[in-house]
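Me: I'm new to this one. Can you walk me through it?

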Amino acid sequence: MTSIDGMRALEGAWRALEMVSAGPGFFQSFAWCGHVAEVRAAANPGGYKPLVAIGRRDGEVVALWPLSLQRSLGSWVVRNLDDPFGQLAGVLATEAGDGEALVAGALAEIALRRLAGSAFLERIPVGDTLHRAILAHQPRLVPADAAVTLDLAPFTSFEALRRSRNRKSMKNLRNASNRLRAAGTSAARVLRRGAALEALIRRACLRRRAWLDARGMSSPAFRLAEHSEILRGGASWGLDAERIGFELSLEGKPIAEQWGFLHGGCYYAYMSAFDPAFEHLSPGKLQLARVIEEVMALDAESIEMLTPASDYKLVWSDATRELVNATLAWSGGARLRHAVWDGGVRPALKAAYYALPAGIAGFISGFLHAHAGDADRFGR
């Protein structure tokens, strides 16, 4: 299925699958996928098409695999539907066997119909349905950053969670709390919809972009002009109801933000940022602790802290998801391009870029992000 209208027509079946499918599934959800596909298809009609694989049994939808066709290096490539905005690839299915059968059938159909010369699927959790299914097709697998996950079910309260963690880490967190208290009056807010949440997302994005530019790093999502529209909006798909933000302020000034999505009893921590002027107060660590406490108060069952597996996340959980990126090439041209580009040119270019002085790399990163018009859209 390749149309936005077709995706909307699947809403009932799609949402029903979300309720029964195993594993984290927000990035395969109807609201997220519909919003992303609609914005991306409108912004780049010649380079992006939704491609949703549907598995049926006795006329009933039993599996969905949200994919897209994206133009790259002069040819169509199969990617996750939400690439480059998504965090975890996957399949929705009533049973694992239904998902595996859908993956096998979809890949065979794509190759038979020559819809694309290759597939590049990022952040596949190792051991889940999609990973098991795709192994049979002998993809080229490359490890990706691990994702941190926190199961809240074993803990009756936030204090119980704190008591289960490393004592030294909790002592360091108490010391940081004392420093924040000594610095002035702090406050925490939980935001749902409205102008205040819009402002929080805008600040977080600008701070994140500044953080990338300062380190000479570039993000594919930030380079797209539709970046801000993806991260906000989506009311017609129901996405606004799942968006949630957390703000930490000092003397009335916001010093740290985190926002994400509350979906199916799980909080997905999509983006966090803080004011570097207050780095000495460890605002990011303090903010994460407060976010976990607030999420537990909302009766969430788990938190997906996503990538990367940073130390400040691992303070709260020892559980990580191993992720891989998978490449499949069907045509001779695609195999040659991947061999030359992925096997030599791209790694060499990345190595050369990261070997540049920080100031030059930062200038290039800032130019790439500004060229997309993202700063204007976030009100910079």
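Reply: Buried means under 20% relative accessible area, exposed over 50%, and partly exposed in between (1.4 Å probe, protein chains only). Helices (H or I, at least four residues) and strands (E, at least two) are DSSP runs, numbered from the N terminus. This is a predicted model, in which local features need pLDDT of at least 70, side-chain atom pairs count only at pLDDT 80 or more, and totals for chains, interfaces and linings use all residues. Residues are numbered from 1 along each chain as its sequence is written, and side-chain values use heavy atoms, with hydrogens and water left out.

Me: Which residues of α8 are buried?

Reply: L197, L200, I201, A204, C205, L206, R207, R209, L212 and D213.

Me: What comes just after α8?

Reply: G216, with a positive phi of about 65°.

Me: Other topic. Where is A136, and is it buried or exposed?

Reply: A136 sits in the loop between α5 (129-135) and β6 (140-151). A136 is exposed, at a relative accessible area of 66%. Its C-alpha atom is 8.4 Å from that of A104, 32 residues apart along the chain.

Me: How many residues has the largest nonpolar core?

Reply: It has 46 residues, and M7, W14, W32, W259 and Y270 have the most contacts inside it. Such a core is a set of buried Ala, Val, Leu, Ile, Met, Phe, Trp, Tyr and Cys residues joined through side-chain atoms within 4.5 Å.

Me: Which helix gives the largest share of this core?

Reply: Helix α3 (residues 30-43), with 8 residues.

Me: And what does W14 contact?

Reply: Leaving aside neighbours within four places in sequence, W14 is in contact (heavy atoms within 4.5 Å) with residues including M7, F30, C33 and L92.
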